[in-house]
Amino acid sequence: MGRYDDLVFKIPQEFHNWYGFASPRGFFRGTTMMEKARVYMDFTSVTKPLPMEGPHTHHCADEYLVFTGADMNNFFEFDAEVDVWIGEDPNNLEMYTLTQPTIIRVPPKMYHCPVNFRVINKPIVFSAVYLDGDWSKINRNVGQDGREFFTYDGAGIRRCVRDSSKECVYCGSCFSERMNKKEEAEAKLYLHPNLHYLEPT
């Protein structure tokens, strides 16, 4: 036992079922893993094309979206195309297409996403670095009647899709099931004009 053991955290392997993401991954869940931590982030790589998230904001801290080559010995080998939407108005987001290592700073209340990993010829690193010890977000949704509504989500709040009596543990099974169905149907990933991904019928 050392005097500073509370400042040293050994990153465990976390096995999961997320379609298109390398497993195991590393994850640092802020204050649930280290008291007084002011960062919440993951360590993983994207191995297949996939869409991620819908437009949302964070209300209290910056988030940094980090995209790099997965081979740290060849950091600038980035054989991918990633579309990221950001802006102050969720109805008028600006798209950026990334073709090289990039960091995007997302200030509080700035809308961002979806992220569309559109072309992945070689795996790339993706890490969302949230500068607070707890992660949360406000999702902007559009109902079938065209009206906006907002939902609050975050660490310790999200419920399991298959069993709402349980907390979501981010295993990825529900997302992977949808993505595998799309693959089997050879469905194309596409965006609705309101920036929500549509499921194949």
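Serine 127 is in contact (heavy atoms within 4.5 Å) with Met41, Asp42, Tyr64, Leu65 and Val66, leaving aside its neighbours within four places in sequence. The model is predicted, so local features need pLDDT of at least 70 and side-chain atom pairs count only at pLDDT 80 or more, while totals for chains, interfaces and linings use all residues. Residues are numbered from 1 along each chain as its sequence is written, and side-chain values use heavy atoms, with hydrogens and water left out.

**Serine 127**
- Serine 127 belongs to strand S10, residues 124-130; strands (E, at least two residues) and helices (H or I, at least four) are DSSP runs, numbered from the N terminus.
- Its relative accessibility is 7%, so serine 127 counts as buried; buried means under 20% relative accessible area, exposed over 50%, and partly exposed in between, with a 1.4 Å probe and protein chains only.
- A polar atom of the serine 127 side chain lies 2.5 Å from the backbone oxygen of aspartate 42.

**Overall fold**
- From the N terminus on, the order of elements is β-β-β-β-β-β-β-β-β-β-β-β-α.
- Of the 201 residues, 42% count as buried.
- Among contacts with a separation of 6 or more, 64% come from residues 24 or more positions apart.

**Strands S6 and S7**
- S6 (residues 80-87) and S7 (residues 94-98) run antiparallel and are joined by five bridges; two strands pair if DSSP finds at least two bridges between them.
- The hairpin from S6 to S7 passes through six residues.
- Tryptophan 85 stands opposite methionine 95 in S7.
- Valine 82 is found in S6, and its relative accessible area of 0% is why valine 82 is buried.
- Not counting residues up to four places away in sequence, valine 82 touches Phe67, Tyr96, Thr97, Leu98, Val115, Asn116, Phe117 and Ile124.
- Valine 82 and phenylalanine 67 are 15 residues apart in sequence, and their C-alpha atoms are 8.9 Å apart.

**Surface**
- The accessible surface comes to about 12,000 Å², of which 52% belongs to carbon and sulfur atoms; areas come from the Shrake-Rupley method with a 1.4 Å probe, and for residues only the protein chains shown count as cover.
- Leucine 7 is found in the segment before strand S1 (26-28) and is exposed, with a relative accessible area of 57%.

Definitions and conventions
Polar contact = N/O pair within 3.5 Å; in protein donor to acceptor, adjacent residues only side chain to side chain.
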